[in-house]
Amino acid sequence: MLVTAPAAATVTTGPGRARLPSPTTPRALPHGGRKALVWGGSRGGPSRERAATSIAALGSTRPAARVPLRSIPRGRSGRRRPRPIAPTRASAAEPSSASVPEPAVPGVYATSEENDEHFKSQRSELERLAPLREALLRCDGDLKMKTEVVDADPTVRAFVASNGPVARVLSNIGSEDSYLLKCAVAAGQVHVLENVSTQDPMTIANVIDPLVRTLRNVETFYDMLGGVVGYQFAALELIHEQFGGPPPSFMSAVATDGDEVEAPRAVTETIDMHRPLGPDLREDGGAFAARAAMWGLEELPRLAEVYPLGGAGDRLGLVDEMTGESLPAAFLSYNGRTLIEGLIRDLTAREWLYYKMFGHQHVTPVAVMTSAAKGNHRRISALMSQKNFFGRGENSFRLFEQPLVPVVTTRGGQWVTEGGDDLSVALKPGGHGAIWKLMHDQGVFTWLEAKGRKGATVRQITNPMAGTDTTILALAGVGAREDKALGFASCERHLGASEGVNVLVERRSRDEGTGDVEYSYGISNVEYTVLEQHGIDDTPVDEGSDESAFPANTNVLYIGLSKIREGLLSSPRGAFPGMLVNLSKPAMADGTKGGRLETSMQNIADVLLQRSKGTPLDASRWGDLPTFVLYTLRRRITSSAKKKRNPDQSPPNLAQTPDGSFLDLVKNAADLLDRCGVSHPPPQTGTVEDYLANGPGFIFCANPAIGPLWQVTEQKIARGSIGERSEVRLEIAEIEWADVHVTGSLLVEATSPLGATRQTPSGAPTLVFDEHECGRCRLRDVKVSNAGVDWHADGTTIWSAQLTRKECCEIRLEGDGEFDAKGVTIEGDARYVVPAGWRLQLRPSRDDPGAIVERWTNLAAIPGGGPTWNWTYEGGAGGDVRLTLDARRVGHHGSSMERAEIAVAESRAAAAAAAREGRSQRAPLREKNGVGGSVGGKSKKASASREGLPAR
């Protein structure tokens, strides 16, 4: 692998809680018909006894000082003293730098008194929950045993004894439902079950259903942590840590089979975080990128796609215009189509490239994680059904739903109730890190394995840029070729950006009992919300630069399916990667802060490590880790559209907005057109305000199937120009563009850009790739001139392609229709529609300068039928793809489709008569050797022969 060494950046951590804990070793035990995972004590994590004492040993009295969560200024790198990992009382804080003021008592509130109050309430609850959680874990999923444990809890006994409205129905509902409600009580949420407005048992039995469903999902998903009680305990420990509490113990091992547990040993860890090494797609003029992309293309039949679509998309403010309901991010209309359609379009383009190169169509299976937030699962399912599963077949998709989890506050872990509904709880998605365990629990890994898939690429819905050029294919190519477990697509990161960073973690662990030392290495991710907790200062890569020392995590990943599954089964850190609770916002009307337990999918990397006993791994071998990073230009891999731009902000901020993402799309188009030799204006002229007011310098959008590799596109599109404020949209795959000059608007659309849609035996329409049934267009030495887009028309939203056009040239090809224009100027509002089975040629008139002659050909009536030309692909050395245009000369049947139909009918009648008389006759063509005049000597001005177009 080509390994480059970006600018050095290293952060070293020692004592305190800024760490990436080591995974532990699992034991598999039966659990409800499947395997539950229980972790035994090991040097990599605390044992059962340690879990019990990590809270209890501190006692109910707060230590004299709590270690604040901060990053001591240290320039480009720094070191904290080694951190002892052993049951101990919290140590006093290190002296803080004078330049970093800290509150007297750590926490998330403004006053020490408020922080102290919340700290005490958290400590009390954790001490109460710790033994309960451990007892539930020892039940190994047995409902009867778990119920006995919960029934013995004093809080539950008191609740049942109160004989309140909900308590009275517990004996009349199912045993599992009763157990789940008692778990909520045991987790300290009596206030939720007391929030009822009726005493009627029948009514209560009905209104508890939504809460029970939520609790069942939490109990099932977080079974490894102890179900509902384990969720509460883990969230509360993470909250408590931010108030100066000890490191969380929820990753500890819990013995459940009565075996003796080895006494915990003191382990000291020192962690260095380096800027990762990895190949860069920009190096060597893109030579490595071409090779890696070809590896990825060859691997396509063994690859899958994984889309985490479970996010609520709150920041986009999407609303269903008909119902007023909130919409998930996947429904954002970006550049004329929903974000999920854009992802599928990119994938289909790669499959088309494989088909053109190797002659076979492969339908990639797609696993989609949805959620119940904003009706996400229901809406995504309905959209896919409405779109006929994008012509891919329903069995090529597997949807699985992410559970919603309660919002936990800093006030003793109290859950937030929502609205005035009975037993209502505020719920949020638990983060995209849920994806791996859900894929295991719901059989998605098994489904992909049955389809022969070994790896997959992962894309987030709000990033429409990741399919650009070689990026996705190269990422998959490196990962598959080198049998990697996980790969990150990374790029430069702006200082202060709200995005995580990729780091190379070098961990040194010393067993203080034996003196043994182990080093472990891996590429990982640190979320931007916890950079300081991990000792990372957001410093520039070079003095005066606005680029961060560490690269950006883009959430575009390659995964080795079997290795990811092994990783998630290895420890709780793998099953629930990157757990955190974000306390940045109030969760209640009185200002009390809170958050839900979130996980991060990319932090599965923290269990995919390479280890070295005794001696550190030489830096020359850092490229051989199970994890890797691949670099490219930022706008080639990420430009998210995840939040609505604030129109009142001055100066405007385009970061992570659809407006900014579309500008990056145009900048990428400019880079592509430069390779094609097509001149164009700058994407942005003037300030950001000018762009928002007037739009980009031009628009060029093309179906990715034209490439998707730019080296393919530049062989189909060559030379020409796009004028100031002009627009070109090419919704087609088979096109030849040579010396085309556009001033105004040019729209080319093929209704069947990749082949025919056919009915399966079940009646479902399915796209079948067929290069003989595609619409195709040839534009050679053509000028298009019209008034184009009205950039200031009412209702204009440029990034979503909501445009009004004063005039445009529109070419629509139905089925396998062909359009061929050469040496002509098309002026004004013009529309050409070519039906399936027909070819339309435009040629300049010999007799009337400026006029255009139309020539129509019935493709079925020419020898050999259609198509009349085709691009053939051939692989070359070093990942090159060479294209050849194979064309044959054909004549035409008439100057209009009507005349051509008459000519073909007459020819067929004559041929039939000749056959009856024993003679043979060929259908007459009006053109010889591809050159000729118009039928009957008639010609038409360009603007006079087409339908007038209304403003669009």
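Which helices and strands each supply at least two residues of the lining of the largest cavity? I will come to that in a moment, after a word on how the values were made. This is a predicted model, in which local features need pLDDT of at least 70 and side-chain atom pairs count only at pLDDT 80 or more, while totals for chains, interfaces and linings use all residues. Residues are numbered from 1 along each chain as its sequence is written, and side-chain values use heavy atoms, with hydrogens and water left out.

Now to the question: the elements are β8 (337-338), α10 (339-358), α18, β25 (699-702) and α20, where helices (H or I, at least four residues) and strands (E, at least two) are DSSP runs numbered from the N terminus. A cavity here is a set of points, on a 1 Å grid over the protein atoms alone, where a 1.4 Å probe fits but cannot get out, and its lining residues have an atom within 4 Å of a point. The volume is the space filled by probe spheres set on the points, which are joined across faces, edges and corners. The largest cavity holds about 580 Å³ of space, and of its 29 lining residues, Arg 345, Asp 346, Leu 665, Ala 702 and Pro 704 are the closest to its centre. Helix α10 gives the largest share of that lining, five residues.

Let me turn to salt bridges, each being a side-chain nitrogen of Lys or Arg within 4 Å of a carboxyl oxygen of Asp or Glu. By this rule there are 52 salt bridges. One of them joins Arg 675 and Glu 714, at 3.2 Å, and this pair links distant parts of the chain, since Arg 675 is in helix α18 (residues 658-676) and Glu 714 in helix α20 (residues 710-716), 39 residues apart.

Another salt bridge joins Asp 590 and Arg 411, at 3.6 Å from N to O. Asp 590 lies in the loop between β19 (580-581) and β20 (594-595), and Arg 411 in the loop between β12 (408-409) and β13 (427-429), so the pair ties together parts that are 179 residues apart in sequence. Asp 590 is exposed, at 53% relative accessible area, whereas Arg 411 is partly exposed, at 31%; exposed means over 50%, buried under 20% and partly exposed in between, with a 1.4 Å probe and protein chains only.

Methods:
1 Å grid on protein atoms, 1.4 Å probe; cavity = no way out; pocket = protein on both sides within 12 Å on 5 of 7 lines; lining within 4 Å.
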